[in-house]
Amino acid sequence: MTKHRALVVDDEPDIRELLSITLARMDVDCETAADMAEAEALLHGGAFDLCLTDMRLPDGNGLDLVALVARRYPRMPVAVITAHGNMESAITALKSGAFDFVTKPVDLKDLRNLVQQALRLRGAPDPTSRTLIGAAPSITRLRQTIAKLARSQAPVYISGESGTGKELVARLIHDQGARASAAFVPVNCGAIPNELVESELFGHRKGSFTGAVADKPGLFQAADGGTLFLDEVAELPLHMQVKLLRAIQEKRVRPLGAEDEIPVDCRILTATHKDLAALVEAGEFRQDLYYRINVIEVCVPALRERREDVPLLVEHFLARKSAELGVAAPRLDDEAAAAIARYDFPGNVRELENILERALTLCDNDHIRLADLRLQRVAAGGAAPVAAEPAAVPSPAAASPPPAGGAELQAYLDDLERQRIIEALEQTRWNKTRAAKLLGISFRALRYRLQKLGIE
């Protein structure tokens, strides 16, 4: 088995010796250089799997070496060694294309973690089958950006409207990087009550608060070795933003009720549909956290900005949803196709998927008509809002009132629908064709709802 090779570039002999010994114990052969010129000669003369360079070199800057490696040896991860506390230079290095950074004095555990991640990246396969659907120039550029970001450990901030696919972008960055074999942990910060955010992110010890009946690891620990995706990060309360900043910078968390901190190693990806810069200006989001998570920003385009991709997405979603139902994929008739091509998609790709899922349950004879789409409005193009025939709904008189205490509306509606469908099936002795006719829906729609509601 061929051993890995690393290049260490630093003008301090003690640092070169320390790194060489550490790498040798990891079964990595090491070459060292004291300046840029010597490093360039070694790079030209042999293949390396990893490069570690100091930021300050006698004849140049470590960033120059980062740029050189990125240009000539794009598959080689290069990490920089920075002065303790100099986060600004570390962030500059990450933006320049560095894989990651370590600070002086070098923590050997952090160094070993960095080397392991870099070597995994060097041997990582090409991108997985999960991908962005589309051929628009903006999506082509986004795919290229994702491939570059996957080769780094830099924090990435993903911006874009709701429903554009920000989580998919985060998953692709994870899947194509060195952490692909470890966990990808997505967190919707806006869905966690403020009083539980700290416990969810950092964990807690038994007895740390009322209801804490056992130790519970936090999401940072769940993502250890992998990627933590903080969606809707703008929703975090200000007091938690301070603690999040410290956890990211120190790579350590303190569970509620614990005396000691726990080291964690996870890449941080964040996203929100809000304008974070505007929130910083308004004092609603911490500036220091903003600059820490926004090392590199990726903007996901709205669907209306890439309308040429709509037919591809329609084909993709109809094929997938039809396969889940075990039916042939329907097609849009000319009027439906024209309307959906003009539609604004305020909810972006997520809305398109929901529209097609609903249309699939309503359509007859493998054709989706305009009325099946139930579009609320269309983009500039002259067409009026589409009026759609109402779906079959259980009679309010026959249903019991919603229970008090704030029961979830969707669960209540599902119960009403389940009750009405079962009644129709019992009336027709479980003849699904007759039951669908009795309910005023298509057989396809009934079959979908039986599956969705778990009715056998």
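**A first look around the model**

Hi everyone, let's begin with a space: the largest pocket holds about 800 Å³. Do keep in mind that this is a predicted model.

Who surrounds that space? The largest pocket has a lining of 32 residues, and Thr103, Asp110, Gln249, Glu250 and Lys251 sit nearest its centre. Two or more lining residues come from each of α4 (87-95), β7 (100-104), α5 (108-122) and α10 (238-250). If you sort the lining by class, you get 12 charged, 10 polar and 10 nonpolar residues.

In soluble globular proteins, nonpolar side chains tend to be buried together. Here, the largest nonpolar core counts 44 residues, and the ones with the most contacts inside it are Leu7, Val9, Leu43, Leu65, Leu142, Ile158 and Val169. Helix α3, residues 62-72, is the top contributor to this core, giving 5 residues. Apart from that core lies another, made of 32 residues, including Val187, Ile192, Ile248 and Val253.

Leaving aside residues up to four places away in sequence, Leu7 touches Glu31, Ala33, Ala39, Leu42, Leu43, Phe48, Leu50, Cys51 and Leu52.

Last stop: Ser322, which you'll find in helix α13, residues 310-325. Is Ser322 buried or exposed? With a relative accessible area of 1%, Ser322 counts as buried, because buried means under 20%. The Ser322 side chain reaches the backbone oxygen of Leu318 at 2.7 Å. Beyond residues up to four places away in sequence, Ser322 touches Val327, Ala328, Ala329, Pro330 and Leu360.

Note on methods:
Residues are numbered from 1 along each chain as its sequence is written. This is a predicted model: local features need pLDDT of at least 70, side-chain atom pairs count only at pLDDT 80 or more; totals for chains, interfaces and linings use all residues. Side-chain values use heavy atoms; hydrogens and water are left out. A nonpolar core is a set of buried Ala, Val, Leu, Ile, Met, Phe, Trp, Tyr and Cys residues joined through side-chain atoms within 4.5 Å. Buried means under 20% relative accessible area, exposed over 50%, partly exposed in between (1.4 Å probe, protein chains only). Helices (H or I, at least four residues) and strands (E, at least two) are DSSP runs, numbered from the N terminus. Contact means heavy atoms within 4.5 Å. On a 1 Å grid over the protein atoms alone, a cavity is a set of points where a 1.4 Å probe fits but cannot get out, and a pocket is an open set with protein on both sides within 12 Å along at least five of seven lines; lining residues have an atom within 4 Å of a point. Grid points are joined across faces, edges and corners, and a volume is the space filled by probe spheres set on the points. Ala, Val, Leu, Ile, Met, Phe, Trp, Tyr, Cys and Pro count as nonpolar, Asp, Glu, Lys and Arg as charged, and the others, Gly among them, as polar. A polar contact is a pair of N or O atoms within 3.5 Å; within protein, one must be able to donate a hydrogen and the other to accept it, and residues adjacent in sequence count only if both atoms are side-chain atoms.
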